[in-house]
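Here is a short tour to read with the viewer open.

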Amino acid sequence: MEVINTIGRRKTSVARIYMKPGKGEIIVNNRNIEAYFPFDLHQIVVRQPLTLVNEAEAFDIKITVDGGGIKGQAEAARMAIARALCEINEEHRSPLKKEGFLTRDPRMVERKKPGRRKARRRFQFSKR
């Protein structure tokens, strides 16, 4: 089977993954997943789609993440893995969709507006 390439996004994070049959090794930005995501919760988030469809030890995954913070990167990787699993087997689509792993979270930081301190926060008003 060939290498499957998909992309996942969350906030300003972008994750590109290359998935091929293997023994369950996950490499993030040329580092082991434990080294890149030292916090257990982020490792669990990345592996969620694989454990949901019982394919945790079936694929080797190479992930390239860019932009955003650690949590956004983990969730972008989760989305990319879920998309790749759907490409491999169409039966995986409904359980992954039910859990919301295939839905792009569009929430982003609102841009700063001119004449304001932040996006909506105004400067302090002084009457005198």
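What follows goes from the sheet to the helices and the core, and then to a few individual residues.

This is a predicted model. Its sheet is open, with 5 strands in the order 1-2-5-3-4 and mixed pairing. Helix 2 (residues 40–52) lies across strands of this fold, and helix 3 (residues 70–88) packs on the sheet too. The largest nonpolar core has 29 residues, and helix 3 gives the most to this core.

**The sheet and its edges**

- The strand order is 1-2-5-3-4. Strand 1 (4–10) and strand 4 (31–32) are at the edges with a single partner strand each, so one side of each has no neighbour in the sheet.
- Strands of a sheet pair through backbone hydrogen bonds, either parallel or antiparallel.
- Strand 1 and strand 2 run antiparallel and are joined by 7 bridges; within this pairing, Ile 7 has Arg 16 in strand 2 as its bridge partner.
- Strand 3 (residues 26–28) pairs with strand 4 in the antiparallel sense, over 2 bridges. Here the bridge partner of Ile 27 is Asn 32 in strand 4.
- In a regular strand the side chains alternate between the two faces of the sheet.
- Strand 1 can be read residue by residue with that in mind: Ile 4, Thr 6, Gly 8 and Arg 10 make up its covered face, while Asn 5, Ile 7 and Arg 9 make up the uncovered one.

**Turns with positive phi**

- The hairpin of strand 1 and strand 2 has 2 residues between the strands, and Lys 11 in this hairpin takes a positive phi near 55°.
- Asn 29 lies in the loop between strand 3 and strand 4, with phi near 45°, a positive value in a residue other than glycine. Asn 29 is partly exposed, at a relative accessible area of 27%.
- Asn 30 belongs to the loop between strand 3 and strand 4 and has a positive phi near 60°, again in a residue other than glycine. With 65% relative accessibility, Asn 30 counts as exposed.

**Helices on the sheet**

- Helix 2 lies across strand 2 (13–21), strand 3 and strand 5 (59–66), and it runs at about 145° to strand 5.
- Helix 3 touches strand 1, strand 2 and strand 5, and its direction makes about 140° with that of strand 1.
- Helix 3 has 19 residues and spans 27 Å from its first C-alpha to its last, close to the 27 Å expected at 1.5 Å a residue.
- How enclosed is helix 3 by the rest of the structure? It is largely enclosed, because 14 of its 19 residues are buried.

**The nonpolar core**

- In soluble globular proteins, nonpolar side chains tend to be buried together.
- Which residues touch the most other members of the 29-residue core? They are Met 19, Ile 61, Ile 63 and Ile 81.
- At least two residues of this core come from each of strand 2, strand 3, helix 1 (33–36), helix 2, strand 5 and helix 3. The contribution of helix 3 is 9 residues, the most to this core.
- Leaving out residues up to four places away in sequence, Ile 81 touches Ile 17, Met 19, Val 46, Pro 49, Leu 50, Ile 61 and Ile 63.

**A buried serine**

- Ser 13 lies in strand 2. Its relative accessible area is 1%, so Ser 13 is buried.
- A polar side-chain atom of Ser 13 lies 3.0 Å from the backbone oxygen of Gly 67, and a polar side-chain atom of Ser 13 is 3.4 Å from the backbone nitrogen of Gln 73.
- Beyond its neighbours within four places in sequence, Ser 13 is in contact with residues including Gly 8, Asp 66, Gly 68, Gly 69, Gly 72 and Ala 76.

**A lysine after helix 4**

- Lys 113 is in the segment after helix 4 (93–99), and it is partly exposed, with a relative accessible area of 25%.
- The side chain of Lys 113 makes a polar contact with the side chain of Glu 110 at 2.7 Å, and the side chain of Lys 113 also reaches the backbone oxygen of Arg 111 at 3.1 Å.
- Not counting residues up to four places away in sequence, Lys 113 touches Lys 118 and Ala 119.
- The C-alpha atoms of Lys 113 and Val 46 are separated by 35 Å, and the two residues are 67 residues apart along the chain.

How values were computed
Residues are numbered from 1 along each chain as its sequence is written. This is a predicted model: local features need pLDDT of at least 70, side-chain atom pairs count only at pLDDT 80 or more; totals for chains, interfaces and linings use all residues. Side-chain values use heavy atoms; hydrogens and water are left out. Two strands pair if DSSP finds at least two bridges between them. Helices (H or I, at least four residues) and strands (E, at least two) are DSSP runs, numbered from the N terminus. Contact means heavy atoms within 4.5 Å. Axes are lines fitted to C-alpha atoms, for helices over the stretch in contact, and angles run from 0 to 180 degrees between N-to-C directions. Buried means under 20% relative accessible area, exposed over 50%, partly exposed in between (1.4 Å probe, protein chains only). A polar contact is a pair of N or O atoms within 3.5 Å; within protein, one must be able to donate a hydrogen and the other to accept it, and residues adjacent in sequence count only if both atoms are side-chain atoms. The expected span of a helix is 1.5 Å times one less than its number of residues. A nonpolar core is a set of buried Ala, Val, Leu, Ile, Met, Phe, Trp, Tyr and Cys residues joined through side-chain atoms within 4.5 Å.
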